[in-house]
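Student: Please take a close look at the pairs of aromatic rings here. I would like one connected account of which residues are involved and what lies around them.

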Amino acid sequence: MTDSSHFTYPSPLEGYEDQPAISGEMRKEGNAYCYVNEQTGVLSRAYETFTNPITNGPRGGFDVHIYHFQGNVEQSTYARALWERIRREFPELRIYRFFDKPIGPHPVAMFEVNLFTPAQFGAFISWLVIHRGPLSVLIHPNTEEEERDHTQRATWMGDRLPLDLSVFKRLRELKVAMEAKTSQE
C-alpha cells in the first residue's frame, strides 16, 4: 500500500469556507437521532458527474476489477458465471475479457468493468455488493494518477489483494523516455 503521507489533500470544505454555521438541531429517526440539514432544493453535482479529478470521458470514471484465484475451480467457475451475468444484466457497461491469469498490477486472474456515470456506479456497485460471492473486488477512480488511484483512492470489497506497484514505476519511466524522444525529434 502506498503511504498516504506522499499525497496532498485539499480541504473537504473547499468552496464552503464562507457559509453560515450548520444547525445543531436533531430529530428522532427510528431508534436514533440524526441532524436536521437545511434543504436547499439543489442536489449536489456529484449526482450527475464524477467529482474532479475523476474523468468523465470515454475512459470511464471508475474501474471495477473482480478477482478470482485461477487455481481455485470453484472461484473460477463463480467468476465466469458472474462475468456472464454482468454482461446480461448491465449490457451498457464496458466489460472486458475474462483473464485466467494475472495481468498488469493485478496479482491473480480477473475481469474488469468500467463505469461512466454516478448512476451506473450506484446501480452496479450496490448490485455487486450482493452478487460478488466469494470474490474480491477493487474499485478505483480514473484520474491522471494511476498509482494513487489503485492505492490511496481505492476501495475494496472482500479481501484486499497486494498489487504489483512496480508496474506503475515502469509506466512512469516509459512515459518519461517517450517524452524525451518526442522532444528530440
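**Aromatic pairs and their surroundings**

Tutor: The model has 8 aromatic pairs, where rings of Phe, Tyr and Trp (its six-membered ring) pair if their centres lie within 6.5 Å, and planes under 30 degrees apart count as stacked, over 60 as edge-to-face and the rest as tilted. In one of them, phenylalanine 90 and tryptophan 127 have ring centres 5.2 Å apart and planes at 75 degrees, so this pair is edge-to-face. The two residues come from distant parts of the chain, 37 residues apart: phenylalanine 90 is in the loop between α1 (73-89) and β4 (94-95), and tryptophan 127 is in helix α2 (residues 118-131). Helices (H or I, at least four residues) and strands (E, at least two) are DSSP runs, numbered from the N terminus. Phenylalanine 90 and tryptophan 127 are both buried, meaning under 20% relative accessible area, with exposed over 50% and partly exposed in between (1.4 Å probe, protein chains only).

Tryptophan 127 also pairs with phenylalanine 124: these ring centres are 6.0 Å apart and the planes are at 20 degrees, so the pair is stacked. Phenylalanine 124 counts as buried because its relative accessibility is 0%, and tryptophan 127 counts as buried at 9%. Elsewhere, Phe50, Phe62 and Phe121 form a cluster linked by ring pairs.

The model is predicted: local features need pLDDT of at least 70, side-chain atom pairs count only at pLDDT 80 or more, and totals for chains, interfaces and linings use all residues. Residues are numbered from 1 along each chain as its sequence is written, and side-chain values use heavy atoms, with hydrogens and water left out.

Some rings have a charge over them (NZ of Lys or CZ of Arg within 6 Å of the ring centre and within 35 degrees of the ring normal). The charged end of arginine 80 is placed over the ring of tryptophan 83, 6.0 Å from the centre. Tyrosine 9 has arginine 148 over its face, 5.2 Å from the ring centre.

Serine 76, in helix α1, touches His68, Phe69, Gln70 and Phe98, leaving aside residues up to four places away in sequence. With 17% relative accessibility, serine 76 counts as buried. Its side chain reaches the backbone oxygen of phenylalanine 69 at 3.5 Å, and the backbone oxygen of glutamine 70 is also reached at 3.5 Å. Serine 136 lies in the loop between α2 and β6 (137-141). Among the residues that serine 136 touches, again leaving aside those up to four places away in sequence, are His65, Tyr67 and Leu161. Serine 136 is buried because its relative accessibility is 9%.

From the N terminus on, their order is β-β-β-α-β-β-α-β-α-β-α. Of the 185 residues, 34% count as buried. Along the principal axes, the C-alpha trace spans about 55 × 50 × 30 Å. Among contacts with a separation of 6 or more, 62% are between residues 24 or more positions apart.

Definitions and conventions. A polar contact is a pair of N or O atoms within 3.5 Å; within protein, one must be able to donate a hydrogen and the other to accept it, and residues adjacent in sequence count only if both atoms are side-chain atoms. Contact means heavy atoms within 4.5 Å.
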